[in-house]
Amino acid sequence: MRTKKMPTINLDQIPSFEEHVNGFDQHDVLVEEIEGLIRVYGNGYVERPQIVPCVSNALPPELGVTSWDVVVDKLNNIWARFYIPTQCQEKLPLIVYFHGGGFCVGSAAWSCYHEFLAKLSAKADCIIMSVNYRLAPENPLPAPYEDGLKTLQWLKQVAFVGGKQNWWSRYCDFTKIYLSGDSAGGNIAFNVAARLGGKTTASGAVILKPLVIKGSILIQPFFGGESRTNSEKFLVQPPRSPLTLGVSDTYWRLALPSGTNRDHPWCNPSTKGLFTVEDSRVLPSLICISEMDILKDRNLEFCSALHRAGKLINYVVYEGVGHAFQVLNKSQLSQTRTLEMFDHIKDFLCV
């Protein structure tokens, strides 16, 4: 496969912390904080320490994957990082992926996502489009859902133009598109699907000519509610767990619209409101759940609700690992479970 050099996102253009704080009132009141990740002050200033490094789209040649960045919506600073196997000789399914981070932190340029998605592209033999969407609290929900829809509109235009301007689109099967993401990204994938127009096939796929959205892959999807599940109340988390109950509540306070609580349907899809599980446009889904995740019971209840509604779903519980193990934990067990996840995703793409 011939490759063409694509324009890259200049990560150096992101203002530094020092540039941000020039002229900032250091004595303003701190109103919300998740240690090491985000601080929100009473005057609206938001500080995000670089706990995870942002990296360029470069990859080691031995991985067998090419990566590049594209601008999706310059006005809203939506961009995406693509991954495609270098030895691609036939059309491959496309995964549109949304990163995690409680809607408030994270980036498609984070090193952990860059590594995970490059390996997924190679192992599952697919093209991946990792979307960098707007973050809360500056852009609360539904901003990420709107960014997801804009991304699909951008893809429609690419599909119409074809390989004339985008060499990679010659290798993309636009009739096999999957919405995916982990944690908050899984929530985004689910809610983007709920907003899709177009016709629905007998299998549950959504036709947005010339695109066909065949399914969703939700990894530890981030949902909540005012009442607590058993895993939220009683599951003991390791000291460095990325998602404790307190962290989860803070993310929801920062991400949800003002005046709402965790029973808002964007947080708790089983409640009555904007949509319900029964009448939303739910794609055939693979749902990946972690045994040691506080979201375990909520994810299982979500699967049960989809099953009762007659939706086509498959779920897997990964034993002995916690939230976001596939991107944040380097233990031997986590690496083994991540390889299992790659196999499950590959099998789902082949259905």
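These exercises walk through a predicted model of one protein chain, each with a worked solution.

Residues are numbered from 1 along each chain as its sequence is written. In this predicted model, local features need pLDDT of at least 70, side-chain atom pairs count only at pLDDT 80 or more, totals for chains, interfaces and linings use all residues, and side-chain values use heavy atoms, without hydrogens and water.

**Exercise 1. Describe the chain as a whole.**

Step 1. Take the secondary structure. The chain has nine helices and 13 strands. Both are DSSP runs, numbered from the N terminus: helices are H or I with at least four residues, strands are E with at least two.

Step 2. Take burial. Of the 351 residues, 55% count as buried. Buried means under 20% relative accessible area, exposed over 50%, and partly exposed in between, with a 1.4 Å probe and protein chains only.

Step 3. Take the contacts. A contact means heavy atoms within 4.5 Å. Among contacts with a separation of 6 or more, 73% join residues 24 or more positions apart.

**Exercise 2. Work out how α3 meets α4.**

Step 1. Helix α4 covers residues 184-194, and α3 packs against it at an angle of about 65°, with the axes 9 Å apart. Axes are lines fitted to C-alpha atoms, for helices over the stretch in contact, and angles run from 0 to 180 degrees between N-to-C directions.

Step 2. List the contact. From α3 come Pro 144, Tyr 145, Gly 148, Leu 149 and Leu 152; from α4 come Asn 187, Ile 188, Asn 191 and Val 192.

Step 3. Sort by class. The contact has six nonpolar, three polar and no charged residues. Here Ala, Val, Leu, Ile, Met, Phe, Trp, Tyr, Cys and Pro count as nonpolar, Asp, Glu, Lys and Arg as charged, and the others, Gly among them, as polar.

Step 4. Check the cover. In α4, 10 of its 11 residues are buried. These buried residues pack against β6 (92-98), α3, β8 (172-182), β11 (211-219), α6 and α7 (296-308).

**Exercise 3. Find the backbone exceptions.**

Step 1. Recall the rule. Most residues other than glycine have a negative phi, and most peptide bonds are trans.

Step 2. Look for cis bonds. One joins Ala 136 and Pro 137, with omega about 5°. Pro 137 lies in the loop between β7 (127-132) and α3. Another joins Lys 209 and Pro 210, with omega about 0°. Pro 210 is in the loop between β10 (206-208) and β11.

Step 3. Look for positive phi. Ser 183 has phi near 55°. Ser 183 lies in the loop between β8 and α4. Ala 324 has phi near 60°. Ala 324 belongs to the loop between β13 (313-318) and α8.

Step 4. Ser 183 is buried, with a relative accessible area of 6%. Ala 324 counts as buried because its relative accessibility is 5%.

**Exercise 4. Locate Thr 338 and state whether it is buried or exposed.**

Step 1. Thr 338 is in helix α9, residues 332-349.

Step 2. Thr 338 counts as buried because its relative accessibility is 9%.

Step 3. Set aside neighbours within four places in sequence. Thr 338 is in contact with Phe 116, Phe 325 and Gln 326.
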